[in-house]
Amino acid sequence: MIIETYTMGKLEVSENQIYHFSKGIPGFDDEVDFALVAMPDGPFWVLQSIHQQALSFLLGDPFMFYPSYEFELPDDEAEELAIESEVLVRCILTLKEDVEASTINLLAPIVLNPIGLTGKQIVLHRTPYHTKHSLLQEQTITDGKDGG
């Protein structure tokens, strides 16, 4: 399938790259199908709407930036996503012109089922994480629970 993107132009994606978000992503409830596209350089992905070329999110592996990042996926969320064994967790990044000001949203990770190709942005409750942790904070100083 060829999709049109705002930042990457026309892009060919396979069916196993398209994830269905039954409730959309908060703020974009009507967009339910996204392609997960790995970036060639670095630990980054783009979550691209397959219907709106201008709607995409830059994602990163939270465990690469915050190795001790953890949360418990509620049973009802795991059930909704039909997660049995494999799961991918990615977080939305916000890049700034000043790269040192770039942030990662650890409060609301994108949880993906790579087998069933379902996804959901889960807002964590009772957690020390927030939406704007520094992306480039030294990993030896913080465990991600109070960085930012």
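In which sense do strand β9 (residues 110-113) and β10 pair, and over how many bridges? I would like to begin there and then widen the view, keeping in mind throughout that this is a predicted model. The two strands pair in the antiparallel sense, and the pairing runs over four bridges. Within that pairing, Ile110 stands opposite Gln121 in β10. Together β9 and β10 make a hairpin that leaves four residues between the strands, and in the turn Leu117 takes a positive phi of about 55°.

Staying with β10, which covers residues 118-121, we can look at where its side chains go: Thr118 and Lys120 point one way, Gly119 and Gln121 point the other way, and all of them are buried. As background, side chains in a regular strand alternate between the two faces of the sheet.

Let me now step back to the fold as a whole. The protein has two helices and 11 strands, and along the sequence these elements follow the pattern β-β-β-β-β-β-α-α-β-β-β-β-β. The radius of gyration is 15 Å, close to the 15 Å that the globule rule gives for 148 residues, so the protein is as compact as a globular protein of that length. The C-alpha trace spans about 45 × 40 × 25 Å along its principal axes. Of the 148 residues, 45% are buried, and among contacts with a separation of 6 or more, 48% are accounted for by residues 24 or more positions apart. The exposed surface comes to about 8,500 Å², with carbon and sulfur atoms supplying 51% of it.

Turning to the interior, the general expectation is that in soluble globular proteins nonpolar side chains tend to be buried together. Here the largest nonpolar core holds 18 residues, of which Tyr69, Ile104 and Leu106 touch the most other members. Strand β7 (residues 88-94) provides the largest share of this core, namely three residues.

Ser49 lies in strand β5 (residues 44-49), and it counts as buried because its relative accessible area is 0%. Not counting residues up to four places away in sequence, Ser49 touches Glu31, Asp33, Phe34 and Leu55.

Thr5, for its part, is found in strand β1 (residues 2-5), and it counts as buried because its relative accessibility is 5%, where the cut-off for buried is under 20%.

Technical notes:
Residues numbered from 1 in each chain as written. Predicted model: local features only at pLDDT ≥ 70, side-chain atom pairs only at ≥ 80, totals over all residues. Heavy atoms only, no water. Core = buried A, V, L, I, M, F, W, Y, C linked by side-chain atoms within 4.5 Å. Buried < 20%, exposed > 50% of the residue type's maximum accessible area, 1.4 Å probe, protein only. Contact = heavy atoms within 4.5 Å. Pairing = 2+ DSSP bridges. Rg over C-alpha atoms; globule rule 2.2 N^0.38 Å. Areas by Shrake-Rupley, 256 points an atom, 1.4 Å probe, with all protein chains shown as cover.
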